[in-house]
Amino acid sequence: MKIIDRYILFHFFQSFFLAYLSLTCVFVVFDFFTNMDEFSRGASQAGGLFRLAISFYGPQSLAFLERVLGLLTLSSALFTVAWLQRHNEMTALLAAGISRLRVVGPILIGAMIAILLGVPLREIVLPQLRDALARTSKDPFGQNGKPIQPRYDNQTEILFRGKAGFRKDRRISEPSLLLPPELDAYGGQLQAENAYYRPPQPDRPGGFLLDKMIRPTDLASQPSLELKGKTVIITPKDAPWLRSDQCFVVTDMDYDQLAGDRVWLEYSSTATLIRGLHNPSLDLGADVRVRIHSRLVQPIRDLTLLFLGLPLLLRREQRNVFLALGLGLAIVIVFTTVVLAWEYLGANETISPALAAWGPLFIFVPFAAAWLDWIYQ
């Protein structure tokens with residue numbers, strides 16, 4: 001790599017980190033002072049206000065990076081080109097017989113590196129921080145319950161209901177499970193004070209532990225119930241690890257899938273979403289399929305966005321860096337609006353999930369390809 005390549009690449013990443021730092025600081029400062037009362041009340045519990053802010057906004061800043069990665073990549077590329085043009089460095093390089101493609105080559109390499117780093121961020125880092133990302137500024141410790149929608153287990157036909165879900169301890173308050181006729185040997189409902197999700201163990205399946213039963217109250221003397229040769233409701237009579245006021249409901253749904261909140265959809269890895277589609281207990285909607293296709297096509301979208309904005313700036317010979325950033329923002333707004341509109345149509349089953357994810361590329365890729373001549377000149 002030559003000196004000029006390192007020089008341009010340095011300016012690109014410098015612009016990238018400065019833009020990310022600036023946007024993140026604006027986001028954090030605005031959100032923090034808007035919710036200062038909630039953070040102040042929880043400061044003593046977290047060991048100080050600063051420690052609470054770091055533990056909350058650390059994961060949130062990474063999620064923010066994933067959301068604005070396309071904008072940052074395009075803005076950094078435009079800022080770097082505008083900087084070269086403003087200081088007449090672009091003119092000098094072109095006068096020396098160097099093509100525009102050779103000049104912007106390091107920028108394209110830096111942009112591709114940033115885009116590719118977004119893949120492990122989405123697929124590895126953010127899924128590990130899903131519990132932290134589920135917290136909100138109004139509830140920085142994740143202690144408040146969130147309403148959950150009733151959901152059927154398609155294998156057992158049990159309808160899971162509850163008052164609220166608490167992600168912190170995988171708990172559902174006041175669960176009320178409506179049983180199918182095949183499992184109503186001791187009543188059509190199971191009610192308890194709380195239900196806790198327990199993952200599969202070598203000695204028992206996964207499911208929900210119903211604690212402090214309200215209905216029925218005599219499960220200690222009742223046998224476990226089976227459906228299609230598989231034990232579904234385990235009672236204390238057949239499981240010594242259960243107390244007399246407990247029972248265990250076997251299901252392939254975990255807490256996140258049952259609660260059905262947006263955190264599971266937004267921050268689960270693509271592999272987790274695909275496993276959810278193949279889970280016989282779940283009947284996931286078209287929005288999950290749209291999200292899976294969108295994850296696969298996201299790097300191509302970011303690259304298309306880059307090739308939409310960069311040639312326009314090279315064509316205009318724009319020397320004002322702020323106008324360059326404004327141009328990039330306008331392109332991002334139009335591009336994002338079209339993408340969200342197609343995803344909305346896919347989530348509502350107006351069009352297929354695959355078309356919802358790939359459709360915007362059919363619109364923008366031809367424009368990006370047509371404008372590439374300005375890079376090759």
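Mentor: Helices (H or I, at least four residues) and strands (E, at least two) are DSSP runs, numbered from the N terminus. In this sense serine 75 sits in helix α4, which covers residues 69–86. The model is predicted, so that local features need pLDDT of at least 70 and side-chain atom pairs count only at pLDDT 80 or more, whereas totals for chains, interfaces and linings use all residues. Residues are numbered from 1 along each chain as its sequence is written, and side-chain values use heavy atoms, with hydrogens and water left out.

Trainee: Why is serine 75 called buried?

Mentor: Buried means under 20% relative accessible area, exposed means over 50%, and partly exposed is in between (1.4 Å probe, protein chains only). Serine 75 has 12% relative accessibility, so the residue counts as buried. Its side chain reaches the backbone oxygen of leucine 71 at 2.8 Å.

Trainee: What makes the pair of asparagine 194 and arginine 171 a polar contact?

Mentor: A polar contact is a pair of N or O atoms within 3.5 Å; within protein, one must be able to donate a hydrogen and the other to accept it, and residues adjacent in sequence count only if both atoms are side-chain atoms. The side chains of asparagine 194 and arginine 171 are joined by such a contact at 2.8 Å. Asparagine 194 belongs to strand β6, residues 189–198, and is buried because its relative accessible area is 14%.

Trainee: How do you know that lysine 163 and glutamate 174 form a salt bridge?

Mentor: A salt bridge is a side-chain nitrogen of Lys or Arg within 4 Å of a carboxyl oxygen of Asp or Glu. For the side chains of lysine 163 and glutamate 174, the N to O distance is 3.9 Å, and they meet in a salt bridge. Lysine 163 lies in the loop between β2 (158–161) and β3 (164–166), while glutamate 174 lies in the loop between β4 and β5, 11 residues apart. Lysine 163 has a relative accessible area of 56% and is therefore exposed, whereas glutamate 174, at 48%, counts as partly exposed. Glutamate 174 also has a positive phi of about 50°, although it is not a glycine.

Trainee: Why do glutamate 343 and arginine 301 tie together separate parts of the sequence?

Mentor: Glutamate 343 forms a salt bridge with arginine 301, and their closest N and O atoms are 3.1 Å apart. Glutamate 343 is in helix α12 (residues 321–347) and arginine 301 is in helix α11 (residues 286–316), so the pair ties together parts that are 42 residues apart in sequence. Glutamate 343, with a relative accessible area of 17%, is buried, and arginine 301, with 3%, is buried as well.

Trainee: Which residues are linked in a network of salt bridges?

Mentor: The network links Arg130, Asp131, Arg167, Arg170 and Asp256. Within it, the side chains of arginine 130 and aspartate 256 meet at 3.0 Å, N to O, and both of these residues are buried.

Trainee: What makes a group of residues a nonpolar core?

Mentor: A nonpolar core is a set of buried Ala, Val, Leu, Ile, Met, Phe, Trp, Tyr and Cys residues joined through side-chain atoms within 4.5 Å. The largest one here has 33 residues, and those with the most contacts inside it include Ile158, Phe160 and Leu183. Strand β6 gives the largest share of this core, four residues. Another core, of 26 residues, lies apart from it, and Val81 and Ala111 are among its members.
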